[in-house]
Amino acid sequence: MTLGKKIRGVFRRQPRRPQGGGREESGGQSAAVEVRRYKGGDRRAVLRIAAESFAGLCLDENIEKRFGRVGGRWQEHKKDSVAYDLSSSTSCTFVALVGGEVVGFICSRLYGSRSVGHVANMAVAPEFQGRGIGKALMRAALDHFRGQGMRYARIETLEQNEKGLRFYPSVGFEEIGRQVFYFMEL
Ligand SMILES: CC(C)(COP(=O)(O)OP(=O)(O)OC[C@H]1O[C@@H](n2cnc3c(N)ncnc32)[C@H](O)[C@@H]1OP(=O)(O)O)[C@@H](O)C(=O)NCCC(=O)NCCS
């Protein structure tokens with residue numbers, strides 16, 4: 001995607017995908033999703049989605065469950081990490097909108113010396129997940145990387161994130177390793 005160009009897609013406003021897979025195909029009205037570059041006015045919505053979307057999918061939450069709060073709730077740590085990208089001049093964020101409302105975001109960084117684009121954070125609001133919005137956001141980030149001369153893209157997810165484990169290979173990523181995270185009280 002060249003900068004400033006909007007991606008439009010159509011998805012059905014429908015109940016979330018059932019646990020077993022498969023998509024619900026009935027009962028919804030069509031709505032358009034637009035993907036565009038992040039603007040300052042999107043900040044509040046992006047941070048809210050960041051705090052709402054990662055329950056059960058976040059290292060800081062794992063730590064909090066085992067050790068209690070470490071300098072604030074895990075949602076605040078997630079918001080801080082996304083806020084870093086929103087204000088960083090070397091990051092590029094895209095947002096997805098439905099009916100003018102921000103319903104998802106993807107934050108990316110460029111590692112120019114290695115020609116690698118890095119997806120640092122992404123999320124779709126829980127009630128809008130499973131409708132192709134994540135894929136539309138990923139397309140925007142990958143097109144951005146290509147447009148900036150990157151030759152590769154990278155992303156990480158936790159083993160406990162089943163959607164991520166299915167999503168990233170479905171858009172072309174190959175698994176290249178798994179890491180184990182440790183933590184201790186001093
Ligand atoms: C991961 C996430 C960004 C994907 O966005 P989304 O809009 O839900 O995804 P899409 O509808 O575009 O689906 C993309 C792929 O994700 C996978 N997926 C989506 N919903 C899924 C579900 N309920 N169960 C398993 N896989 C699922 C599928 O592989 C799907 O591709 P397919 O439709 O060809 O099968 C979104 O679910 C999310 O915000 N999750 C919580 C936060 C998070 O995990 N962020 C990424 C951290 S690494």
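## Basis

Residue numbers start from 1 along each chain as its sequence is written. Because the model is predicted, local features need pLDDT of at least 70 and side-chain atom pairs count only at pLDDT 80 or more, while totals for chains, interfaces and linings use all residues. Helices (H or I, at least four residues) and strands (E, at least two) are DSSP runs, numbered from the N terminus.

## Strands and hairpins

Strands E3 and E4 pair in the antiparallel sense over 8 bridges; pairing requires that DSSP finds at least two bridges between the strands. Val95 stands opposite Phe105 in E4. The two strands form a hairpin with 2 residues between them, and Gly99 in the turn has a positive phi of about 60°.

E4 also pairs with E5 in the antiparallel sense, over 8 bridges, and Gly104 has Val124 in E5 as its bridge partner. The hairpin of E4 and E5 has 4 residues between the strands. Ser115 lies in this loop, and its phi is near 60°, a positive value in a residue other than glycine. Most residues other than glycine have a negative phi. Ser115 counts as partly exposed because it has 14 C-beta neighbours inside 10 Å; buried means 20 or more other C-beta atoms within 10 Å, exposed 12 or fewer, and partly exposed in between, with C-beta atoms placed from the backbone.

## Helix H1

The buried residues of H1 (residues 43-53) are Val46, Ile49 and Ala50. They fall within an arc of 105° seen down the helix axis, so they line one face of the helix; the arc is that of the directions from the axis to the C-beta atoms. Their cover includes H3 (74-87), E3 (91-98), E4 (101-111) and E5 (116-124).

Beyond its neighbours within four places in sequence, Leu137 is in contact with Val35, Phe94, Ala96, Gly104, Ile106 and Met122; contact means C-beta atoms, placed from the backbone, within 7 Å.

## Ligand shell

Of the 22 residues around the ligand, Gln129, Gly134, Lys135, Arg166 and Phe167 come nearest; a residue is near if its C-beta atom, placed from the backbone, lies within 6 Å. Elements giving two or more residues to the shell are E5, H4 (133-147) and H5 (162-170). H5 provides the largest share, 6 residues.

Key. Contact = placed C-beta atoms within 7 Å.
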